[in-house]
Amino acid sequence: MNTFAVNPANGSAVLTGYTHDLSDEMPNARIRPAVLIFPGGGYRICSDREAEPVALAYLAEGYNAFVLRYSVGPEEPLLKSFSDANAAVLYLHKHAEELNIDKNKIVLAGFSAGGHLAAWVSVCGKQKPAAVILGYPVITAEAKRKTGKDFPEICGRVDGETPPTFIFSTRNDPVVPITHSLQYAAALEKANVAFELHIFGDGEHALSLAKTFTSAGKAKLVNADAALWFPLSVNWLKRLLGDFEAV
């Protein structure tokens, strides 16, 4: 595995890459799909729990993975975070050959506020991704009450050019109500955009992989049912983008 960190835009944003070594024993995997992860954190922080652990999980499934720690904090406008995210997507496109990724198979994965950012880029970005994975995403502008920031409304910007989207959340999420996910799914359906929606019956907010090692030692963040979102997302990506060739 190779790792690197670059600043894809002017400012403090950091893009960290986790890429597979090339191997003559795996000629069918020289060029790989990419997953670009936007951690959550209410645009105040970028959560470690939703960063490297998620990247390494996708790496283990054969993807080259990237984490963007975008601009956050009370003084940073959301447009700066959006600019960072756009720059990261454009960086992957520009450097696709040297990163051994297929620029037509770049996927965004965002969690909570990072889910808002991923959805925002998917409907308004300079370069649209091939697909989007949203974990318990913030979607509606009502989030301003909790963050103090003006969240742009996303649902009204969904159109036929919006990428296929995978969404998961839990029915009793105490921080971001499932109405966010449901409203976004409804907008995707109205625009005839392919999507998959999973609402698990029980679970806290910010589950990440819902495993013990991503739980910060909190039992409520371990959830065997909700942890199924990850293999479900991998299966969805394979159906959508295809798998590595094997004959």
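User: Which strands does helix α2 lie across, and at about what angle does it run to β5?

Analyst: This is a predicted model, so keep that in mind. Helix α2 covers residues 78-94. The strands under discussion are β1, β2 (14-19), β3 (32-38), β4 (64-69) and β5 (101-111), and α2 runs to β5 at about 155°.

User: OK, and in what order do the strands of the open sheet sit?

Analyst: Eight strands make up this open sheet, and their pairing is mixed. Its edge strands, β1 (2-6) and β8 (195-200), each pair on one side only. Neighbouring strands are turned by 15° against each other on average, ignoring direction. The order reads β1-β2-β4-β3-β5-β6-β7-β8.

User: Which residue in β8 is the bridge partner of T165?

Analyst: Strand β7 spans residues 165-170 and runs parallel to β8. Six bridges join the two. For T165, the partner in β8 is F195.

User: Which residues have the most contacts inside the largest nonpolar core?

Analyst: That core has 45 residues. Elements supplying at least two residues each include β3, β4, α2, α3 (96-99) and α6 (179-190). Apart from it lies another core of 33 residues, with A51, V54, F111 and L241 among them. Back in the largest core, the residues with the most contacts are L36, F38, L68, L92 and Y184.

User: Take L68, then: which residues between D84 and A88 does it touch?

Analyst: Leave out residues up to four places away in sequence. L68 then touches, among others, P8, V14, L36, F38 and C46.

Notes. Residues are numbered from 1 along each chain as its sequence is written. This is a predicted model: local features need pLDDT of at least 70, side-chain atom pairs count only at pLDDT 80 or more; totals for chains, interfaces and linings use all residues. Side-chain values use heavy atoms; hydrogens and water are left out. Two strands pair if DSSP finds at least two bridges between them. Helices (H or I, at least four residues) and strands (E, at least two) are DSSP runs, numbered from the N terminus. Axes are lines fitted to C-alpha atoms, for helices over the stretch in contact, and angles run from 0 to 180 degrees between N-to-C directions. Contact means heavy atoms within 4.5 Å. A nonpolar core is a set of buried Ala, Val, Leu, Ile, Met, Phe, Trp, Tyr and Cys residues joined through side-chain atoms within 4.5 Å. Buried means under 20% relative accessible area, exposed over 50%, partly exposed in between (1.4 Å probe, protein chains only).
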